[in-house]
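Here's a quick briefing on an annotated site and two of its residues. Have a look at the model first.

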Amino acid sequence: MATLLCRALLPLRPLSSSTRPAADVPFRARSHGASRLYPDHIPTSPLQKALLAAGSAGMALYDPYRHDMIAVLGETTGCWTLKVLRDQMRKDPEGAQILQERPRISLSTLDLGKLQSLPEGSFGREYLRFLDVNRVSPDTRAPTRFVDDEELAYVIQRYREVHDMLHTLLGMPTNILGEIVVKWFEAVQTRLPMCILGALFGPVRLSAQSLQVLVSELIPWAVENGRRAPCVLNLYYEQRWEQSLSALREELGITAPPLCVRGRA
């Protein structure tokens, strides 16, 4: 339903935006034709955004693994929150550097050989291990399309592309329970509506046993760490590969993950 809604409401994407991988296309203010602010931008009216938000929210709640619908929901509901996050980044030296340089995370920008050569326990090596063990790729992140400001579009793109880094920092797998825990952490950190919705409604698919563990142990742990840690968007992860994961967690005030999360779905 939500997919059909997207197709019905939106103009066709220009062919030029699909000729290069999303992570190779920079977010910069320039002319892209037809009021497009960045390569994948699709201008939409407030009514279109509201309909897209409603449709994508329904589909995302029905199927939490519909990352495309989650992406649409984030872009159509998070404008005010993205401005707050952007302002936090501007005020932080590392965050401001990220906004200036606009780094992207994809298989084409990562030096996998270098990550593989790093010492055991380093952040870069543990991130690579996370990708391998969970069989995920940074190239699966959808490009931003519905944010009508190119700098805010980069902020939400950056949020998506560092999501797997947060899994690594928090020690969470990619099963439903792990994703919900990360969403609680992100909800506290970012206040993005899609994170709050995911944190609140994601648990409906859990078993009674997993729900008990989530409520009694994992949510308090995620909330406490989310409140204590500085804004995770201000971390230039690409410059922290060689730092040990334990040292990075200590710097951010993130405690080791509860052992109870392992082996649960």
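Let's start with Asp 164, which sits in helix 9, running over residues 163–170 (helices are DSSP runs of H or I, at least four residues, numbered from the N terminus). This is a predicted model, where local features need pLDDT of at least 70 and side-chain atom pairs pLDDT 80 or more, while totals for chains, interfaces and linings use all residues. Residues are numbered from 1 along each chain as its sequence is written, and side-chain values use heavy atoms, with hydrogens and water left out.

**Asp 164**
- Asp 164 has 3% relative accessibility, so it counts as buried (under 20% relative accessible area, with a 1.4 Å probe and protein chains only).
- Beyond its neighbours within four places in sequence, Asp 164 is in contact with Tyr 127, Phe 130, Leu 131, Val 136 and Arg 141 (contact means heavy atoms within 4.5 Å).

**His 167**
- His 167 is also placed in helix 9.
- With 1% relative accessibility, His 167 counts as buried.
- Setting aside neighbours within four places in sequence, the contacts of His 167 include Phe 130, Met 172, Pro 173 and Glu 179.

**The annotated site**
- An unreviewed UniProt entry carries a "binding site" annotation on His 163, Asp 164, His 167 and Glu 179; positions follow the numbering used here, feature names are shortened, and annotations may be inferred rather than shown by experiment.
- These residues span 17 residues in sequence, but no two of their C-alpha atoms are more than 10.4 Å apart, so they gather at one spot.

Technical notes:
Helices (H or I, at least four residues) and strands (E, at least two) are DSSP runs, numbered from the N terminus. Buried means under 20% relative accessible area, exposed over 50%, partly exposed in between (1.4 Å probe, protein chains only).
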